[in-house]
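Dear colleague,

Please find below the structure that I am handing over to you, followed by an account of what was found in it.

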Amino acid sequence: MPPLSPTGHAIASGGFHELGGGVKGTYDEWAETYEEDSVALGFQSPAICAQTVEQFVVATTDGPLNLLDAGAGNGWLGKLLKDSGYLEKHKVDMQGFDLSEKMLEGGRARGLYSKMWAQDICNSPWDCPSDLFDGVMCNGVLIYVKEPGCLDEFVRVTRKGGLIVLMFRHDGYPLFEAKDLELRETGAWELHHKTEDYDNFPQINTATEAEHEQILFNIWVFRKL
């Protein structure tokens, strides 16, 4: 394992599940070294998620494109989208929320989001109107969520025809599968695209094939119907 901060090492050693202080406490504690540790680990999903947003969530009018970053943390996805030129090209108005106020401090400091607020993804309704966003992205968050019903909020805040871009680890999607299928069957959304499998932390040498399978992920793109 590459050199990490003590908090980063503890989280990585635990399969990237929260520490004893819960999700909020874990990320409040990790905020200062989160990005540095993530780069050291080769954390792939932010870049793949941002690239998927760039590919599929594109402006269809001359007006700004409204984008929500659910579980925005320190705004890393926003930075990637800025660096690629996506935000300027599509005149993006980007908002974001996160459970950790410490992580949000870093996100606000980037100056890329018109609004960032503290929000538990499982507490509905979220603090934003229905049918607002052309795209909603969520990376590295749902592995910590135990309430699949939160997917209803992704649908609610997205405009008809808008896209919802979600990162699911292989060990996380099974909890959400029944809800995903329910939303498809009831005509709330449809699966638009799913990436190939990616190794989320290529710098970590997992001991077994089963451990390696746990940290594989896909980016799923759903269209609101």
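**Strands and their partners**

L68 stands opposite V136 in strand β4; strands here are DSSP runs of E of at least two residues, helices are DSSP runs of H or I of at least four residues, and both are numbered from the N terminus. Please note that this is a predicted model, in which local features need pLDDT of at least 70 and side-chain atom pairs count only at pLDDT 80 or more, while totals for chains, interfaces and linings use all residues. Residues are numbered from 1 along each chain as its sequence is written, and side-chain values use heavy atoms, with hydrogens and water left out.

The chain contains ten helices and eight strands. Of its 225 residues, 50% count as buried, that is, under 20% relative accessible area, with exposed meaning over 50% and partly exposed in between (1.4 Å probe, protein chains only). Contact means heavy atoms within 4.5 Å; among contacts between residues at least 6 apart in sequence, 75% join residues at least 24 apart.

Strand β1 (residues 65-70) is largely enclosed by the rest of the structure, because five of its six residues are buried. Two strands are said to pair if DSSP finds at least two bridges between them. β1 and β2 pair in the parallel sense over six bridges, and N66 has D93 in β2 as its bridge partner. β1 is also joined to β4 (residues 133-138) by three bridges, and these two strands run parallel.

**Nonpolar cores**

A nonpolar core is a set of buried Ala, Val, Leu, Ile, Met, Phe, Trp, Tyr and Cys residues joined through side-chain atoms within 4.5 Å. The largest has 28 residues, and those with the most contacts inside it are L68, I121, W126, L142, F154 and L166. Two or more residues each are given to this core by β1, β4, α8 (151-157), β5 (158-169), α9 (173-185) and β8 (216-224). The largest share, four residues, comes from α8. A second, separate core of 26 residues includes I48, C49, L67 and M137.

Which residues does W126 touch, if those up to four places away in sequence are not counted? Among them are L68, A70, F97, I121 and F154.

**Aromatic residues**

Rings of Phe, Tyr and Trp (its six-membered ring) pair if their centres lie within 6.5 Å; planes under 30 degrees apart count as stacked, over 60 as edge-to-face and the rest as tilted. A search of the whole structure finds 17 aromatic pairs. One of them is the tilted pair of Y27 and W30, at 5.6 Å centre to centre with 55° between the planes. These two residues are three apart in helix α2, and are therefore separated by about one helical turn. Both Y27 and W30 are buried.

F97 and W117 form another tilted pair, at 5.5 Å centre to centre with 45° between the planes. Since F97 lies in strand β2 and W117 in strand β3, the pair ties together parts that are 20 residues apart in sequence. F97 counts as buried at 1% relative accessibility, as does W117 at 8%. K115 lies over the face of W117, at 4.5 Å from the ring centre; the criterion is NZ of Lys or CZ of Arg within 6 Å of the ring centre and within 35 degrees of the ring normal.

**Helix α7**

The buried residues of α7 (residues 101-110) are M103, L104 and G107. Seen down the helix axis, they fall within an arc of 95°, so they line one face of α7; the arc is that of the directions from the axis to the C-beta atoms. What covers them includes α2 (22-30), α3 (34-40), β2 (92-98) and β3 (115-118). G111, which follows α7, has a positive phi near 70°.

**The loop between β3 and β4**

S124 and P125 are joined by a cis peptide bond, with omega about 0°, and P125 has its place in this loop. P129 is found in the loop between β3 and β4 as well, and counts as partly exposed at 49% relative accessibility. Leaving aside neighbours within four places in sequence, P129 is in contact with R156 and V157. The C-alpha atoms of P129 and V157 are separated by 6.2 Å, although the two residues are 28 apart along the chain. D131, also in the loop between β3 and β4, has a positive phi near 60° in a residue other than glycine.

Yours sincerely
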